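This report covers strand pairing, nonpolar cores and aromatic pairs.

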Amino acid sequence: MGFRTVEMKVAKAKKNMDVFMEESVNTMDETVVVAYQSQSRADVGASVTVVNTKDLPPAPVSNVMELLQGRVAGLNVQQNNGAPGSIGTYTIRGISDISVQGVGDGEDEQYILGSSAPLFVIDGIPQEDVGDYDANGLLSGSGVSPLSSLPFEDIEDITVLKDAAATAQYGSRGAYGVILIRTKRGNSAKPQIDFSMDMKVNTPPRLRDVLVGRAERMSRIDQILQNDTSRWNGYYDVNGNQALTDSLNPYYNNNTDWQGNYYRRTVNQTYNLSVKGGSTKFNYKINGNYYSEEGIITNTDFNRYGIRTNMGYAPTEKFNLYVGVNATLGITGSGSGNALQQTGVASGASASSLLPPPSIYSASNAALGALMVEQNTTSVSYDANINMNYQLPWNIRWNVTAGYIYNNTENEKFTPGMLNSNQAQLYGLSKYSDRLYGRTSLSYSGSTGILKYGLTVTGEISSNRSNGNEIKQTGLVNDYLWGPLGYASSWAEAVTSEEDNTVSFNIAPTIGFKNLTGGKDKYVITPTIRPEANSAYGRGVKWVVNPGVSVRWNFDEEKFFKKLNWNWVDYSAIRASWGRVVKYKATKYDVWGNYLLGSDTYNGNTVIPIDFENMPNNNIDPITTTQWNVGLDFGLWNNRLSFQGDWYYKQVDNQLSSIELADHNGFDKVPTTEVSLVNYGMELALVVRPFRPKSNWSMDIMTNFTINRDVMTKLPDEARMIINSKAEVVNKLGSNAMSNFLYVYKGVYATDADVPVDPATGLRLRVGGEGVSADNPNAYFKAGDPIWADLNGDYVIDEKDKAIVGNSQPRVIGGLSVNLRYKNLALFTSCSFTLRRDIVNQVLANNFASLNDPNIKGGDGMYKNAALTPISAYDFWTPTNTHADYPNPYDYQHSSVIKPFRADQTLFLEDGSYFKINAITLSYTLPKKWTNFIRIRHASIRMSLNNLYTFTKYSGINPENVSSIGWDQSGGYPNARTFSMGLTIGL
């Protein structure tokens, strides 16, 4: 920040003259870190966004990425998992991986996309274990994410690198984008002590309405009497069901709020204490933090204890040294669920309200398990890093960066005997990983005439190792002695030990042209090239090259522009870049195959057979991301208005997938890389500051808008379409990557005469599929049934009639933030929006489907999918309302075959667009005279509301809290609404 030039005419000599100068705010003078180099923003040709934590709401969160939602154009942050300490889904410029993974078993199985998460780099050290939740982590017990280990109070700024020219220098790890996080340093001659604390209250979201007690009983009785095969059969079924007729029985005469047993309001706390100080020659910082959050689902929580230290030493201008040492202990409680699913809660909360509250005599294993299963994941991590710079002769600068990260995760799950056939069970998982990282570089810069040039040569090595084991013991002595004794079956196995090493080199020259009249350089060219070798890939592709180049033209420095005399233009530039980055996705088992370490024999001899499920392929190509980008930057009126626009085209080739092999082959399937995907779109970011810098008022209005389109361009074996019938998604050439595969719903048959008749047989349209016979009279459509499009015209509705519809990925994302300050009072507001995303509302489908079995009886029938939701608000078919939006929900004998409320139909495909108020924070900083009086440096108080409200037409609870393939299922962990109050004191 400087001052704008002021010119004044002097009519006559004066002894004194007052000259008032206005502050000049020029963001082009900022230093931006792009890969391993620090550059002036005026020299950056890549697409880069920097977010300073001073512009973020100071709200207590377990993961700083929550505060970035809606703040960066092109960065899609979806908080679709509300578990304490969890991470959501993060993508930059659309999805890059279309693989679909199954999580859970049987009816509880859910499907999620493979991770397209960017690489996170904290203080120069890549964090390779940060990503979306994955199937392995969910089932084996995920550790604590490094993002959840980093307190918000310790972060200085966050830089998002979006195009391949910026990320190419990170090689394979940066193929999907890079996010750099820089922590704070000591910068005060006198020691400073800062203490902050927050108390917050988490409340569950709006829960679904259910019928309870007598209302549920009478609804079931009336449905049976009105829709059974005859009135007499109806009375027979009712009288034979004790749960419906024995209203005086205390076991069935209840008004149990099952949701209230699992969801709760919690009070949580967080504390942070830091000590910092030093000068330009020596500085230090020590930060200790404690974060505790009880989940809104009973028996879930997250606790973090951490200490972070750093020290900087620069005795001369030629030499500087930075050292950081950190330790974190994280403890996560997930009950009977995991990082994504809470199926025990979902099952228990859908029990009949006629049952008594959960106890050892009155609840199912799933319901009790959510309350009584003890499952804790303890993660201990240590990391140390060092960064040294030394100025050699001939203007050569030498840099050395090294880091070591160690993580140990222990997962214990105890199931009481009453939930496991009177055999208490203990499961334990122990695993560790360590990572050694080193990087050294030589940089040179010089100039000749108008030409400026530079060169950075970098060598990098990383080594990753992991190992572990797991054990399960059944039949413990009792519920209080957890092993090693037991009388039933036990087993143990080792988690596969893995090690991979990467060696790479990076060459990054820079070329620029001086502006002889002063100011910014007019033209800047930055090419990069990074050869990289990996020890864990196929024999033919160990060495790969990641090239990139960016160009920047600061055209406001041109003579033709200066002649316009537009002094209100602070800066204006056009950027262009191209880059290609590879990513290793296949495992060594995909490349070389594996053996089955079990007992097998051949001709009476024990052998270790080959796993014939997957055929090895040692010619797998790595995933290749190629990206083009064109950008426009300008700032006006002393930076009161700044704009950044980018237009991009990103092509992802060689995506890993599997193809089925012919029956006569010895293997079932083979991994292949014949899938390609393209994302293209536009990003716009605008910042408006309407007040002058010296005003008592200040306001920053920041908004961004991103349009992204994804298109499938290649599929294995030259296929034009691949259908995943389990996940109900389809990949089709020329269409969006993640389309839904659903029955097309066109309304309700008002009368029997409206049902189409097969002219060949004279029979009405019917449903087909596995287990449905043409001899079953309930298989034929009639009045009140759904109209599903018979696409193949065979008068049978089955899987062949499903169509490609919708898009589970958002087409438009963005955000709006307003920071308003008046003297010592500040108001932070953060909002985000998602437009044109299609969601399958399976929860609504299940609500209607729960009416398919009114004659519930004891056992699992009353414990799962037995809760009734009021549907009077919906326009459904009845004999007196024949023109309706929804089919007849009460004809349960017929519905058990037709299944009119199956989720895989367009009836439940809804627009998932929303506008969300992420956070509102009001803070007040005490005046300086007050703090001086009580002998403190500063003090402030704040009040925050997080996840305040979501505006949407979606009929479900939350359009954000859905799976990554766009299905709203009841087994997830909802997002809490949070109210907090905090205090910060500086000494």
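Strands here are DSSP runs of E with at least two residues, numbered from the N terminus, and two strands pair if DSSP finds at least two bridges between them. The model is a predicted one.

**Strand β10 and its partners**

Strand β10 covers residues 119-122, and both of its faces are covered. Leu 119 and Val 121 point to one side, Phe 120 and Ile 122 to the other, and all of these are buried. On pairing, β10 runs parallel to strand β13 (residues 178-183), with four bridges joining them; Phe 120 stands opposite Ile 179 in β13. The pairing of β10 with strand β11 (residues 125-127) is antiparallel and has three bridges. Here Val 121 stands opposite Pro 126. Two residues lie between the strands of the β10 and β11 hairpin, in which Asp 123 takes a positive phi near 55°.

**Nonpolar cores**

The largest nonpolar core has 47 residues, and those touching the most other members are Ile 98, Met 738, Phe 781, Phe 908 and Ile 965. At least two residues each come from β9 (110-113), β31 (669-688), β36 (745-748), β40 (803-805), α11 (842-849) and α12 (892-898). The most is given by α11, with three residues. Another core lies apart from this one; it has 24 residues, including Val 61, Ile 87, Leu 150 and Ile 158.

Which residues is Phe 908 in contact with, leaving aside its neighbours within four places in sequence? They are Ile 839, Val 840, Asn 841, Leu 844, Ala 845, Phe 848, Tyr 886, Phe 901, Arg 902 and Ala 903.

**Aromatic pairs**

The structure holds 32 aromatic pairs. Two of them are listed below.

| Pair | Centre distance | Plane angle | Class |
|---|---|---|---|
| Tyr 874 and Tyr 886 | 5.4 Å | 80° | edge-to-face |
| Phe 876 and Tyr 890 | 5.7 Å | 80° | edge-to-face |

Tyr 874 and Tyr 886 are both in the loop between α11 and α12, 12 residues apart. Phe 876 and Tyr 890 also lie in the loop between α11 and α12, so their pair ties together parts that are 14 residues apart in sequence.

Why does Tyr 886 count as buried? Its relative accessibility is 15%, and buried means under 20%. Tyr 874, at 27%, counts as partly exposed. In the other pair, Phe 876 counts as buried at 11% relative accessibility, and Tyr 890 as partly exposed at 26%.

One aromatic cluster is formed by Trp 553, Phe 555, Phe 561, Trp 566, Trp 568 and Trp 637.

Conventions
Residues are numbered from 1 along each chain as its sequence is written. This is a predicted model: local features need pLDDT of at least 70, side-chain atom pairs count only at pLDDT 80 or more; totals for chains, interfaces and linings use all residues. Side-chain values use heavy atoms; hydrogens and water are left out. A nonpolar core is a set of buried Ala, Val, Leu, Ile, Met, Phe, Trp, Tyr and Cys residues joined through side-chain atoms within 4.5 Å. Buried means under 20% relative accessible area, exposed over 50%, partly exposed in between (1.4 Å probe, protein chains only). Contact means heavy atoms within 4.5 Å. Rings of Phe, Tyr and Trp (its six-membered ring) pair if their centres lie within 6.5 Å; planes under 30 degrees apart count as stacked, over 60 as edge-to-face and the rest as tilted.
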